[in-house]
Amino acid sequence: MSWSWRFETASGALVDPGEVGGAEFSAQGDAESWLGEVWRDLADRGVGQVYLLEDGREVYGPMSLSSAE
């Protein structure tokens with residue numbers, strides 16, 4: 001199995017994973033831990049929301065990356 005994130009702007013436009021350091025993971029927990037470490041950087045690069053994918057199938061999302069102030 002391969003886990004990855006689909007990145008979108010807040011308005012839903014796709015963001016190229018290569019432009020924001022996207023990666024593939026062998027476990028769901030690894031993908032989620034990675035996102036927990038880098039979400040602020042992704043948001044600074046224009047990513048507004050993400051979807052978790054397993055072998056290209058949407059598992060959940062959209063999940064906003066905007067911080068609650």
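## Strand β3 and its partners

In this predicted model, Q49 of strand β3 is the bridge partner of E8. That bridge belongs to the pairing of β3 with strand β1, residues 3-8. The two strands run in the antiparallel sense and are joined over six bridges.

Strand β3 also pairs with strand β4, which covers residues 57-64. This pairing is antiparallel too, with five bridges. One of the bridges links E54 to R57 in β4.

## The hairpin

Strands β3 and β4 form a hairpin, and two residues lie between them. D55 sits in the turn and has a positive phi of about 50 degrees.

## Burial of β3

Strand β3 spans residues 49-54, and six of its six residues are buried. Both faces of the strand are covered. On one side are Q49, Y51 and L53, and on the other are V50, L52 and E54.

## The nonpolar core

In soluble globular proteins, nonpolar side chains tend to be buried together. Here, the largest nonpolar core has 14 residues. W5, F7, W34, L42, V47 and V50 touch the most other members. Strand β1, helix α2 (28-44) and strand β3 each supply at least two residues of this core. Helix α2 gives the most, with four residues.

Which residues does V47 touch, not counting those up to four places away in sequence? V47 touches F7, E8, V15, V20, L42 and L65. Among these, F7 and L42 are also listed with V47 as core residues that touch the most other members.

Methods
Residues numbered from 1 in each chain as written. Predicted model: local features only at pLDDT ≥ 70, side-chain atom pairs only at ≥ 80, totals over all residues. Heavy atoms only, no water. Buried < 20%, exposed > 50% of the residue type's maximum accessible area, 1.4 Å probe, protein only. Pairing = 2+ DSSP bridges. Core = buried A, V, L, I, M, F, W, Y, C linked by side-chain atoms within 4.5 Å. Contact = heavy atoms within 4.5 Å.
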